[in-house]
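I am keeping these notes as I go through the model. Each entry records what I looked up and what came back.

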Amino acid sequence: MRLMWKSVDKMRCLRKRSVFPFLGFLVTFLLFFNLYMDDRYVLEAEKRQLGETLIHPANSDRYIHTFRDLSNFSGTINVTYRYLAGIPLPRKKYLTIGLSSVKRKKGNYLLETIKSIFDQSSYEELKEIVVVVHLADFDLVWCENLVQEITRKFAHHIIAGRLLVIQALEEYYPSLDGLKRNYNDPEDRVRFRSKQNVDYAFLLNFCTNLSHFYMMLEDDVRCSRNFLTALKKVITSREGSYWVMLEFSKLGYIGKLYHSRDLPRLAHFLLMFYQEMPCDWLLIHFRGLLAQKDVIRFKPSLFQHMGYYSSYKGAENKLKDDDFEEDSIDIPDNPPASLYTNINVFENYDATKAYSSIVDEYFWGKPPCTGDFFVIIFNKSTKISRIKIVTGTEDRQNDILHHGALEVGQKAVETKQGRHCTSYITLGEFKGGNIEVYNVDHKIGFDVECVRIVVTASQKEWLIIRTISLWTTPSVSQLKK
């Protein structure tokens, strides 16, 4: 049965974004192969359109706009699904968590993964999530037995609309025989990873309209406690900034977050190039083509790989994420603020990077002198309960603040030089380059408007401020809500 695509919507005018020149070559290469692909995924008119783009010289901006034009589909792919357990609710949730699972030769971790998602979420968090499990194995007996187990263990979640189990019909899959032998992979490996791309594409396609955000997990994952609250903190902190994919684990296709509006494009992308390379490689190209050139990964990781045996041939897979923390509720709030320093900044390691929770982002300045400062000015006065500041890194352990003090301020005023606080009190001194102060709101008698690091003695070493972490205390009005 042929799979037909819905009409391509007219492309919105999108702002050009710079990318590395190699992306132009990549798109040219992949699109060239796509001309010869099974026509169940690309209409002839689209093939002609793709062909026309190849006659132009390589230009990264041109190819990015071409990709957006061809893949900015608002409609979903025409696939029929079996509903094996549960049905979608009419109201959109905050987050959909997608899992795709196949029969393993050794071990099965799906039930443990589902249990971890629900057990690690509070009652309020459960109201905002829906878990969609795609049983992507063609062994219907295996699927039926697994559905019975899922239904028995998680009946109340299914009834509440928090858990759906689906299956895309086998007849909608492309041919998995005679695929390209890229990277010298054996034929069965190519078949496995190509089918996995289609499995994920059909899962993404189904989840398009279920929520505002979408998180992809694998079926052998353990979750951090209150991971949704941590996710929401990060999403709120990124408001106003452009992103395609945020990462909450450094392993595989675990903990990758998308806007749900991008799922149709990602689904089509995985289908177009399903036999070219593994899904986690395709994801890198997808975000690059949509002008997010850098990885945006957060620490600590919220999801941990727990499977011992891979779904491919039951091979051993002992990979672990050493950035994972079981208790994610400890992620700092870092309220909106402006950051300033009079320390000479090295290259692009500017002050804002010390306030970021993104992995490998930090402030790096040239040797500071007595009286130099680094200040955080909040957009509005805030109750602060805890402050933690870490300087230096593992590979540059001497680039710490050897002598410094931590201060909090109030009575902010506007001047020609900008906004600053006129009154400060000292909370403590740095020791070994770090400082952590608890119960700040109990030690001072005011809401904080500024946090300042002051250098109390000159040093010859450069200074890295690795992380500035602030935790807030909810106001009385917030607690009533």
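I started with R419 and E449, whose side chains form a salt bridge with N and O 3.6 Å apart. The two residues are 30 positions apart, with R419 in strand β15 (residues 418–429) and E449 in strand β17 (residues 448–455), so I note this as a link between distant parts of the chain. This is a predicted model, and I read every value below with that in mind.

R419 is partly exposed, with a relative accessible area of 24%. E449 is buried because its 16% falls under the 20% limit.

**Entry: the other salt bridge I checked**

I looked up how many salt bridges the structure holds, and the number is 14. One of them joins K232 to E128, with the closest N and O atoms 3.0 Å apart. This pair also links distant parts of the chain, 104 residues apart. K232 sits in helix α9 (residues 227–237), and E128 is in the loop between α5 (123–126) and β3 (129–135). Both ends are partly exposed: K232 has a relative accessibility of 27%, and E128 has 25%.

**Entry: the chain as a whole**

I took the totals next. The protein chain has 13 helices and 18 strands. Of its 481 residues, 53% are buried. I also looked at contacts with a separation of 6 or more, and 78% of these are between residues 24 or more positions apart.

**Entry: aromatic pairs**

How many aromatic pairs does the structure hold? The count is 19. I looked at F248 and F298, which form a stacked pair, 5.3 Å centre to centre with 15 degrees between the planes. F248 lies in the loop between β7 (246–247) and β8 (256–259), and F298 lies in the loop between α11 (279–289) and β9 (303–305), so the pair ties together parts that are 50 residues apart in sequence. Both F248 and F298 are buried.

For Y349 and W364 I found ring centres 5.2 Å apart and planes at 85 degrees, so this pair is edge-to-face. Y349 is in the loop between β10 and β11, while W364 is in strand β11, so parts 15 residues apart in sequence are tied together here. W364 is buried, at 8% relative accessibility. Y349 and W364 also belong to a cluster linked by ring pairs, together with F346, Y362 and W462.

**Entry: a lysine in the loop between β10 and β11**

I looked up K353, which lies in the loop between β10 (337–341) and β11 (363–365). Is K353 buried or exposed? K353 counts as buried, because its relative accessibility of 18% is under 20%. Which residues does K353 touch, leaving aside its neighbours within four places in sequence? The contacts are N348, E361, Y362 and F363. Y362 is one of the residues in the aromatic cluster of the previous entry.

**Entry: helix α11**

I checked how far α11 is covered. Eight of its 11 residues are buried, so the helix is largely enclosed by the rest of the structure. The buried residues are C279, L282, L283, H285, F286, R287, G288 and L289. After α11 comes A291, which has a positive phi near 75 degrees.

**Entry: cavities**

I searched the whole structure for cavities of 30 Å³ or more and noted three. Which residues line the largest cavity? They are I87, P88, L89, R91, K93, V130, G161, L164 and L210. By class, six of the lining residues are nonpolar, one is polar and two are charged.

Technical notes: Residues numbered from 1 in each chain as written. Predicted model: local features only at pLDDT ≥ 70, side-chain atom pairs only at ≥ 80, totals over all residues. Heavy atoms only, no water. Salt bridge = Lys/Arg side-chain N within 4 Å of Asp/Glu carboxyl O. Helix = DSSP H or I, 4+ residues; strand = E, 2+ residues; numbered from the N terminus. Buried < 20%, exposed > 50% of the residue type's maximum accessible area, 1.4 Å probe, protein only. 1 Å grid on protein atoms, 1.4 Å probe; cavity = no way out; pocket = protein on both sides within 12 Å on 5 of 7 lines; lining within 4 Å. Points joined across faces, edges and corners; volume = space filled by probe spheres on them. Nonpolar A, V, L, I, M, F, W, Y, C, P; charged D, E, K, R; others polar. Contact = heavy atoms within 4.5 Å. Phe/Tyr/Trp six-rings, centres within 6.5 Å; stacked < 30°, edge-to-face > 60°.
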